[in-house]
Amino acid sequence: VCVAASCQSSGSLAVMEALEDACGDGKGTCRVKGVGCMGLCSAGPLVSIADKDCSLDESVLYRDVTPADAPEIMGSVCGSPVERLRCPTDQPFFARQHKIVLENSGFIDPDSFKGYVAVGGYAGMVRALSEMTPADVLREVTTSGLRGRGGGGYPTGLKWSTVAKMPAGQKYVICNADEGDPGAFMDRAVLESDPHRVLEGMAIAAYAVGANKGYIYVRAEYPLAVERLQTAIRKAKRAGFLGSKVADTQFSFEVEIRLGAGAFVCGEETALMASIEGLRGQPRPRPPYPAESGLWGCPTLINNVETFANIAPIVREGGDWFASIGTERSKGTKVFALAGKIRNTGLIEVPMGTSLRDIIEIIGGGIPDGKAFKAVQTGGPSGGCIPEAHLDIPVDYDSLKTLGTMMGSGGMIVMDETSSMVDVARYFMEFCMTESCGKCIPCRTGTWQMHGLLDAIAKAQGTHADLALLEELCEVVQATSLCGLGQTAPNPVLSTLRYFRDEYEEKLQRAE
Ligand code: SF4
């Protein structure tokens with residue numbers, strides 16, 4: 001039974017209880033297990049009937065299950081499936097995915113240390129500690145071509161090497177789990193479904209760069225993820241995979257959780273570090289970069305949840321294996337959260353280079369209610385809106401930039417013909433205005449001004465002079481803001497102006 005937050009919100013805990021009750025005499029041969037996210041959140045609660053050793057793909061999957069369905073489902077375990085509840089696992093939503101980060105999601109019990117080890121968990125870390133030097137690990141990660149999944153796409157091997165080259169002494173590893181983009185829930189799902197995978201990646205990173213202390217900075221609004229992380233840290237420590245003298249070696253690695261209080265800007269790495277230090281979460285100019293002078297002035301490695309979740313398979317299978325997946329400059333897979341006007345909302349993982357059309361029309365099942373597609377927003381408030389004409393573009397770091405948007409951390413919000421693109425731009429600007437930390441004037445005042453202009457235009461009260469001023473402000477705020485929040489805040493405006501200018505014009509003409 002999926003017990004990640006999405007399915008819990010549609011009642012999966014009650015379903016699980018009912019299935020346990022219905023198990024009755026079958027308890028000797030049949031076990032009800034809570035697992036992480038199975039991906040198809042729109043069909044929850046999801047229940048998978050699987051033979052002990054089979055994968056999710058080979059199981060019988062049931063959708064929209066209610067507690068009342070439990071006796072019928074239990075009765076069918078050794079017989080014919082309950083067809084009315086069946087959710088085909090050979091449908092494109094499942095069949096077209098390639099799972100590396102999510103390979104255990106929806107399959108293992110996230111609270112079970114043994115369950116993680118049984119599917120090869122901690123094998124990468126054991127290999128790193130027993131067969132590889134830190135330099136060997138750095139080489140594999142560099143060979144893999146992995147780029148940071150938090151949004152920027154910086155080469156992970158290069159970042160790790162910079163921290164490793166700093167003089168020996170106190171160094172830190174930080175996992176950025178401060179996921180805050182509207183519509184994004186990739187990190188939450190990974191932490192709720194497979195927390196040990198993230199810990200294993202962090203520990204391997206610490207070994208490679210010479211750190212002995214780690215922090216996971218996670219939003220307090222993710223209580224289930226926090227709870228599962230706490231359990232995972234406790235169990236990994238008890239089993240000797242965290243703490244001092246890990247796996248009977250000289251390597252030590254302690255991990256602590258730090259809760260973010262909901263400020264979007266704390267996802268920016270210098271603001272995040274300030275918050276961990278107990279200061280107000282505000283960015284500072286870079287350089288110095290965290291790799292050289294980070295937490296409390298020490299060399300610090302910061303990667304996000306998905307980046308760390310890729311590490312164990314890379315060490316286990318080798319960098320060349322990972323580099324064989326994806327495109328020339330964007331290797332591996334990417335996890336996306338599909339949201340908005342799309343039939344299959346949920347969590348997916350596809351090879352880099354998959355086209356947006358495949359993601360939206362085939363894996364996502366297209367637009368519901370017979371409506372036409374209008375745009376897809378990628379990259380959250382820092383990204384942009386892509387129209388139908390560009391849906392065949394491959395999803396990778398570089399291609400998305402040419403369209404005036406960005407990969408971001410993986411949120412994808414789909415809009416149909418009923419969405420007003422001026423309203424969309426105003427919504428994201430309001431988000432940036434509210435989340436601006438106020439440290440620098442272009443962002444603090446610029447987002448407020450741009451929101452005012454957008455509001456007037458959206459209400460058909462703006463003029464062409466307002467639009468000209470809006471475009472000028474976009475340039476200024478982009479060029480002069482201190483951190484990524486301000487520098488990218490104009491992106492949704494610029495991309496909607498680039499592809500949907502007629503909608504702005506229509507509003508202006510109504511006003512004039
Ligand atoms: Fe703060 Fe915005 Fe300046 Fe970033 S750009 S430091 S969020 S005011």
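**A tour of the predicted model, from the ligand outward**

Start by selecting the shell of 13 residues around the ligand; Cys437, Lys439, Cys440, Cys443 and Cys483 come nearest (a residue is near a molecule if one of its heavy atoms lies within 4 Å of it). This is a predicted model, in which local features need pLDDT of at least 70 and side-chain atom pairs count only at pLDDT 80 or more, while totals for chains, interfaces and linings use all residues. Residues are numbered from 1 along each chain as its sequence is written, and side-chain values use heavy atoms, with hydrogens and water left out.

By class, the shell around the ligand holds eight nonpolar residues, four polar and one charged (Ala, Val, Leu, Ile, Met, Phe, Trp, Tyr, Cys and Pro count as nonpolar, Asp, Glu, Lys and Arg as charged, and the others, Gly among them, as polar).

**The cavity**

Keep the view here: the ligand takes up the space of the largest cavity. A molecule sits in a cavity or pocket if more than half of its atoms lie within 2 Å of its grid points. On a 1 Å grid over the protein atoms alone, a cavity is a set of points where a 1.4 Å probe fits but cannot get out, and a pocket is an open set with protein on both sides within 12 Å along at least five of seven lines; lining residues have an atom within 4 Å of a point.

The whole structure has one cavity of 30 Å³ or more, and the largest cavity contains about 80 Å³ of space (grid points are joined across faces, edges and corners, and a volume is the space filled by probe spheres set on the points). To show its lining, select Val265, Pro283, Ser436, Cys437, Gly438, Lys439, Cys440, Cys443, Arg444, Leu482, Cys483 and Leu485. That lining comprises eight nonpolar, two polar and two charged residues.

Next, go to the largest pocket, with a volume of about 1400 Å³. Its lining has 48 residues, and Gly150, Gly151, Gly152, Gly267 and Glu268 are the closest to its centre. Helix H8 (156-165), strand S6 (300-304), helix H16 (397-402) and helix H20 (484-488) each give two or more residues to this lining. Helices (H or I, at least four residues) and strands (E, at least two) are DSSP runs, numbered from the N terminus. S6 provides the largest share, five residues. The lining of this pocket divides into 14 nonpolar, 23 polar and eleven charged residues.

**Strand S3**

From S6, move to strand S3 (residues 172-177): the two pair in the parallel sense over five bridges (strands pair if DSSP finds at least two bridges between them). Strand S4 (residues 213-219) also runs parallel to S3, joined by six bridges. Select cysteine 175: its bridge partner in S4 is isoleucine 216, and in S6 it stands opposite asparagine 303.

Six of the six residues of S3 are buried (under 20% relative accessible area; exposed is over 50% and partly exposed in between, with a 1.4 Å probe and protein chains only). Tyr172, Ile174 and Asn176 point one way, and Val173, Cys175 and Ala177 the other.

**Backbone stops**

Select the bond from glycine 44 to proline 45, which is cis, with omega near 0 degrees. Another cis peptide bond joins proline 287 and proline 288, with omega about 5 degrees. Most peptide bonds are trans, and most residues other than glycine have a negative phi.

Aspartate 369, with a positive phi of about 60 degrees, is exposed at a relative accessible area of 69%. Finish at alanine 460: its phi is positive, about 55 degrees, and it is buried at 18%.
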